[in-house]
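Here's a quick walk through the salt bridges of this protein. Have the structure open as you read.

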Amino acid sequence: MDLAFTPEEQAFRAEIRAWVRAHLPPELAHKVHHALRLSRDDLQGWARILGRKGWLASGWPKAFGGPGWTAVQKHLFEEECALAGAPRVIPFGPVMVAPVIMAYGNAEQQQRFLPGIASGEVWWCQGYSEPGAGSDLASLKTRAEHRGDHYLVNGQKAWTTLGQHADWIFCLVRTSHEGKPQSGISFLLIDMTSPGITLRPVRLLDGEYEVNEVFFDDVQVPLGNLIGAENKGWNYAKHLLSHERTNIAEVNRAKRELERLKRIAQAEGVWNDSRFRDQIALLEVDVVALEMLVLRVLSAEKSGKNPLDIAGLLKIRGSEIQQRLAELMMLAAGPFALPCIFEALEAGWQGDFPGGPSANAPLAGTYFNLRKTTIYGGSNEVQRNIVAQTLLG
């Protein structure tokens, strides 16, 4: 295992750093560094900038329009983007559904869907979880009935992140009740403008509408939108979830937020508290350990090994680190982390709150929001069971 970057990789990093600094809008970087609300235009605007360069599809092979980067180059690209203050790439299109389409879709589907994902023009969301079917995803009940040249879809999806912005949704649906629950699931691509789709926003504890319920009432989906074979969707879902859980590790974002935590601690006068600084040091050790784990995965990929059996470990540690970062930031700011009236904040008023800089205002909301990280993508309790069975037998 070689964790050192080669001279060629260091030169690649420098190229990426220069390009990101030249093309990332300063006002967008300011929002990211201070955890201010990002609009759809903010997120999709950066995606389009990357798309024009051909870098939104950073993990894609050249055969499908990607840059053909190695896993190490992709890691360096993501690190430089995160440290510069670029918004995270919304993963549902380029990171999650695209690899499934590449691996299991037919040529017509690849030509139809991949260009819009790579350019950043088409926004995707994920239709997996349902009421009563979260970590136990195989118990999903949304059904798709074969009716001539189309499927008729009825059911409900829950916790659909940023579904209010999406043009398309990829869904797991039940097409058979025979055999094991996993054997009757299919993978469908559904146009969000289809008649019969209703989207209901869910207000979260931080006051935002990040997730949604999606209802399907006799929604007609062409047979050509089925990925792969009918009733084989569980296999495709596992392929996708491996990418999702690796992505959730967010080690590069954690490194950026660690520096933000230090700035807040210094500004709020708790940096000189040895006990508080000890907590920052312990967290920094865990961030470095997570980075080493990610680099081990990259090293395995360089040598041709399959590292995806530890994707659950990356998800567990990465999600817990995100929560601890948010908690320490909130504790550092004390009572000035509490107010978060977005309308006032965006109008410029809340920066005058006595003693509390505007960067502190979203901290409590961020803390509440990130309670989700140990639940989504398969809860950490379930992930520990999977890791135990995979690695320990």
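What follows covers the salt bridges in this predicted model, pair by pair and then as a network.

## The overall count

How many salt bridges does a search of the whole structure find? The search turns up 25.

## Glu 208 and Arg 37

Let's start with Glu 208 and Arg 37, whose side chains meet in a salt bridge at 3.0 Å, N to O. Glu 208 sits in the loop between strand 6 (197-202) and strand 7 (211-222), and Arg 37 in the loop between helix 2 (26-33) and helix 3 (40-53), so this pair ties together parts that are 171 residues apart in sequence.

## Arg 88 and Glu 250

Next up, the side chains of Arg 88 and Glu 250 form a salt bridge at 2.7 Å, N to O. This pair also links distant parts of the chain, 162 residues apart: Arg 88 is in the loop between helix 4 (71-84) and helix 5 (92-104), and Glu 250 is in the loop between helix 7 (233-248) and helix 8 (251-267).

Glu 250 counts as buried, at 13% relative accessibility; Arg 88 is partly exposed, at 37%.

## Arg 143 and Glu 145

Here the side chains of Arg 143 and Glu 145 meet in a salt bridge at 3.7 Å, N to O. Arg 143 is partly exposed, with 39% relative accessibility, and Glu 145 is partly exposed too, at 31%.

## A network

Which residues are linked in a network of salt bridges? They are Arg 13, Arg 17, Glu 79, Glu 80, Lys 255 and Glu 291.

Terms used. Residues numbered from 1 in each chain as written. Predicted model: local features only at pLDDT ≥ 70, side-chain atom pairs only at ≥ 80, totals over all residues. Heavy atoms only, no water. Salt bridge = Lys/Arg side-chain N within 4 Å of Asp/Glu carboxyl O. Helix = DSSP H or I, 4+ residues; strand = E, 2+ residues; numbered from the N terminus. Buried < 20%, exposed > 50% of the residue type's maximum accessible area, 1.4 Å probe, protein only.
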